[in-house]
Amino acid sequence: DSLSYQSAEKLYLASDKKARAQFERYLSQFPNGSFVLNSHFYLAQLLYNDGEFDKALAEYELVIAQPDNYFTEGALLKAAGLHYNNENYVQALSYFERLAKISNSGTSLPDALTGILRCQFNLADYQGCITTASQILALEKVSDILKRETSYKLGLSYYNSGNSDKAFPILSKLSVDTNSAEGAESKFLIAEIL
């Protein structure tokens, strides 16, 4: 068990293409082995990198189905992103929410909140979107691009909720920079409100 896994892991760490076959062999030989969780996660990463997203998603979900572990955070982030890209926003939202709850690293929380915001927006959950946008804007380190996207979704959520008074100042600030898509859209929405 351990020798078979270690040889696969060694290939994986060396970025050797043979690692995938080795992990698949390990999982078929030791379906209840000591390193099944590790193997599913690393195999998922390899499949993801090869562009085999459906197969990768199945492997990530095997890791996610287990109690929280060392690989849960990474698996949730990738699986949520894959579901989001497939426009399966409800499933993506549940994974992003779970990720936000268990996020140990400072980098996963902004990613989780951004995913939640985008899913809520696409699902027309504008009240949820307003709450999540406020959480993102309260974070210490937020890139200008994410601030702009979050502010735009916040303003648009107020606008779509019929609260033009709260949407107007946010959209006005964004409309100053018409070189961005959010700025141009905001300018149009300001004209609509006026």
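**Close-up 1. A lysine over a tyrosine ring.** In this predicted model, the charged end of K78 sits over the ring of Y48, 4.3 Å from the ring centre. A charge sits over a ring if NZ of Lys or CZ of Arg is within 6 Å of the ring centre and within 35 degrees of the ring normal. Y48 itself is partly exposed, with a relative accessible area of 26%. Here, buried means under 20% relative accessible area, exposed means over 50%, and partly exposed is in between (1.4 Å probe, protein chains only). Residues are numbered from 1 along each chain as its sequence is written, and side-chain values use heavy atoms, with hydrogens and water left out. Because this is a predicted model, local features need pLDDT of at least 70 and side-chain atom pairs count only at pLDDT 80 or more, while totals for chains, interfaces and linings use all residues.

**Close-up 2. Aromatic rings in pairs.** The structure holds 16 aromatic pairs. One of them is F23 with Y42, a tilted pair with 5.8 Å centre to centre and 35° between the planes. This pair links distant parts of the chain, with F23 in helix α2 and Y42 in helix α3, 19 residues apart. Both F23 and Y42 are buried. Now look at Y48 and Y60: their ring centres are 6.5 Å apart and their planes are at 70°, so this pair is edge-to-face. Y48 lies in helix α3 and Y60 in helix α4, so the pair ties together parts that are twelve residues apart in sequence. Y60 has 0% relative accessibility and counts as buried. For the terms: rings of Phe, Tyr and Trp (its six-membered ring) pair if their centres lie within 6.5 Å, and planes under 30 degrees apart count as stacked, over 60 as edge-to-face and the rest as tilted. Helices (H or I, at least four residues) and strands (E, at least two) are DSSP runs, numbered from the N terminus.

**Close-up 3. The nonpolar core around F41.** The largest nonpolar core has 53 residues, and F23, F41, Y42 and Y60 have the most contacts inside it. Helix α3 gives the most to this core, with seven residues. Such a core is a set of buried Ala, Val, Leu, Ile, Met, Phe, Trp, Tyr and Cys residues joined through side-chain atoms within 4.5 Å. Which residues does F41 touch, not counting residues up to four places away in sequence? They are Y60, V63, F71, G74 and A75, where contact means heavy atoms within 4.5 Å.

**Close-up 4. R20 and its two salt bridges.** R20 forms a salt bridge with E52, the closest N and O atoms being 2.7 Å apart. R20 lies in helix α2 and E52 in the loop between α3 (36-49) and α4 (53-64), so the pair ties together parts that are 32 residues apart in sequence. R20 also pairs with E24 in a salt bridge, at 3.3 Å between the closest N and O atoms. A salt bridge is a side-chain nitrogen of Lys or Arg within 4 Å of a carboxyl oxygen of Asp or Glu.

**Close-up 5. K153 with two neighbours.** E149 and K153 form a salt bridge, with their closest N and O atoms 3.2 Å apart. The two residues lie in helix α9 (residues 144-160), four residues apart, about one turn of the helix. E149 counts as buried at 12% relative accessibility. K153 also lies over the face of F121, at 5.1 Å from the ring centre.
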